[in-house]
Amino acid sequence: MKIILVGFGVIGRGVAKVIDEKKKLLKEKYGFEPKIVAICDSSGAAIDESGLDLKKAIEVKEKTGKIANYNGKKISSVEVIESIDADVVVEATPTNIKTGEPARTHILKAFENGKHVVTANKGPLALYFKELVESAEKHGVMFRYEASVGGAMPIINLAKETLAGNEIKSIKGILNGTTNYILTKMEKEKLDFNTVLKEAQELGIAETDPSQDIYGYDTAAKIVILANSIMGMNKTIDDVKIEGITRITPEAIELANKSGYTIKLIGEVKKNKLVVEPRLVQLDSPLNVKGTLNVAMFNTDLAKEVVIVGRGAGATETASAILSDLINIHLKVKEK
Ligand SMILES: NC(=O)C1=CN([C@@H]2O[C@H](COP(=O)(O)OP(=O)(O)OC[C@H]3O[C@@H](n4cnc5c(N)ncnc54)[C@H](OP(=O)(O)O)[C@@H]3O)[C@@H](O)[C@H]2O)C=CC1
Ligand SMILES: N[C@@H](CC=O)C(=O)O
Ligand code: NA
């Protein structure tokens with residue numbers, strides 16, 4: 001499988017790292033032989049149709065900040081997607097919740113050029129879900145986005161496959177690792193908001209623009225993706241009532257604790273209502289998970305309540321979801 005990797009930040013480099021480390025296992029277990037033939041960032045691209053040296057690519061990026069220094073290609077991501085022979089585009093550029101760009105254009109160009117897409121990017125999914133899914137179908141290619149909600153936490157593919165046949169009445173949970181990390185540190189170590197936000201950025205879990213995390217827009221994007229991809233709705237970010245965690249203080253959490261509660265940023269889709277807000281959560285609730293963990297509670301007709309927990313952010317955690325989508329595309333293509 002030839003792969004074009006667009007975006008070489010925390011997630012893009014995480015994908016390159018896990019593919020490099022797992023190549024023997026992937027071949028033996030799945031007959032899967034991924035080859036990254038191009039890597040793009042905002043400076044240009046590294047291109048080698050025989051397969052890039054991923055250790056060297058990561059080293060060049062970390063040392064110089066520009067992937068174009070690998071072999072000096074000043075070429076745009078769109079030109080790479082249109083001109084380089086590849087099977088899949090992995091889209092890992094920053095989420096832009098207002099325009100969905102540059103990812104929306106990257107994804108549509110990939111489909112138009114007969115390339116499957118795997119993405120972690122919530123922007124285009126939250127703003128143009130129907131357009132993207134219809135374009136993939138029209139061009140006969142696959143479109144997978146497990147990493148876009150809950151990072152490593154299996155939620156989209158689990159709902160589509162393992163909960164198939166269920167009526168999913170509602171989904172609610174903690175879908176942002178950065179804000180959960182902040183609230184956990186404020187609760188346990190009484191640290192102030194800005195100190196912990198900086199820590200989250202250093203951990204590489206915050207968005208490129210962390211205001212998307214703390215004002216609730218990242219969670220809102222994920223709720224829209226779940227509503228559209230799992231519950232068959234046709235919503236956008238404008239349909240979500242959104243409040244973030246900027247009003248929450250260590251003292252407020254301490255007060256909640258005294259009554260047997262904590263405070264969590266909860267996203268919920270139920271009937272036709274999509275909400276993101278800080279809520280009191282009982283200390284013994286399955287929703288009371290810590291640190292960068294995410295949790296989602298499904299309410300279904302057959303399986304009743306189903307609760308899933310996993311790491312919602314981080315380089316290798318998110319790369320895990322992207323890798324599973326790549327393997328699934330490989331296996332489905334092999335079946336044909
Ligand atoms: N971090 C996490 O834990 C998770 C992130 N995500 C999503 O994954 C995506 C990537 O996140 P993350 O890696 O953390 O973000 P980073 O900011 O670390 O990396 C973004 C990358 O995209 C590159 N880029 C920006 N514009 C373009 C462009 N036009 N063409 C090609 N490359 C471009 C940047 O280039 P340059 O290096 O030159 O600036 C950078 O390499 C986001 O959509 C995010 O929401 C999803 C789940 C978890
Ligand atoms: N910034 C996001 C990254 C994953 O989607 C988060 O903190 O969950
Ligand atoms: Na996920």
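Predicted model: local features only at pLDDT ≥ 70, side-chain atom pairs only at ≥ 80, totals over all residues.
Student: Which residues are the closest to ligand 1, and how many surround it?

Tutor: Ligand 1 is surrounded by 28 residues, and the closest of these are S42, K61, T93, E207 and G314.

Student: What is the make-up of that shell by class?

Tutor: The shell around ligand 1 has twelve nonpolar residues, twelve polar residues and four charged ones.

Student: Which domains does the shell around ligand 1 draw on?

Tutor: Domain 1 (2-149 + 315-335) and domain 2 (168-311) each supply at least three residues to the shell around ligand 1.

Student: How much of ligand 1 does the protein bury?

Tutor: On its own, ligand 1 exposes 900 Å², and the protein buries 83% of that area.

Student: Where does ligand 1 sit, and which elements give two or more residues to its shell?

Tutor: Ligand 1 sits in the largest pocket. The elements that give two or more residues to the shell around ligand 1 are α1 (10-30) and β2 (35-41).

Student: Turning to ligand 2, which residues are around it?

Tutor: The residues around ligand 2 are K122, N176, G177, T178, I205, A206, E207, D213, D218, K222, G312 and A313. By class, this shell has five charged, four polar and three nonpolar residues.

Student: Which atoms of K122, K222 and G177 face oxygen atoms of ligand 2?

Tutor: K122 has a polar side-chain atom 2.8 Å from an oxygen atom of ligand 2. For G177, a polar backbone atom is 2.8 Å from an oxygen atom of the ligand. K222 has a polar side-chain atom 2.8 Å from an oxygen atom of ligand 2.

Student: Where does ligand 2 sit, and which elements give two or more residues to its shell?

Tutor: Ligand 2 sits in the largest pocket. The elements that give two or more residues to its shell are α7 (177-189) and α10 (217-229).

Student: A change of topic: is the peptide bond from E101 to P102 cis or trans?

Tutor: That bond is cis, with omega near 0°. P102 belongs to the loop between β4 (88-91) and α4 (103-112).

Student: What is phi of K190, and where is that residue?

Tutor: Phi of K190 is near 50°, a positive value in a residue other than glycine. K190 is placed in the loop between α7 and α8 (193-203).

Key
Residues numbered from 1 in each chain as written. Chains lettered and ligands numbered in written order. Heavy atoms only, no water. Near = heavy atom within 4 Å. Areas by Shrake-Rupley, 256 points an atom, 1.4 Å probe, with all protein chains shown as cover. 1 Å grid on protein atoms, 1.4 Å probe; cavity = no way out; pocket = protein on both sides within 12 Å on 5 of 7 lines; lining within 4 Å. Sits in = over half its atoms within 2 Å of the grid points. Helix = DSSP H or I, 4+ residues; strand = E, 2+ residues; numbered from the N terminus. Nonpolar A, V, L, I, M, F, W, Y, C, P; charged D, E, K, R; others polar. Domains from an automatic or database assignment. Polar contact = N/O pair within 3.5 Å; in protein donor to acceptor, adjacent residues only side chain to side chain.
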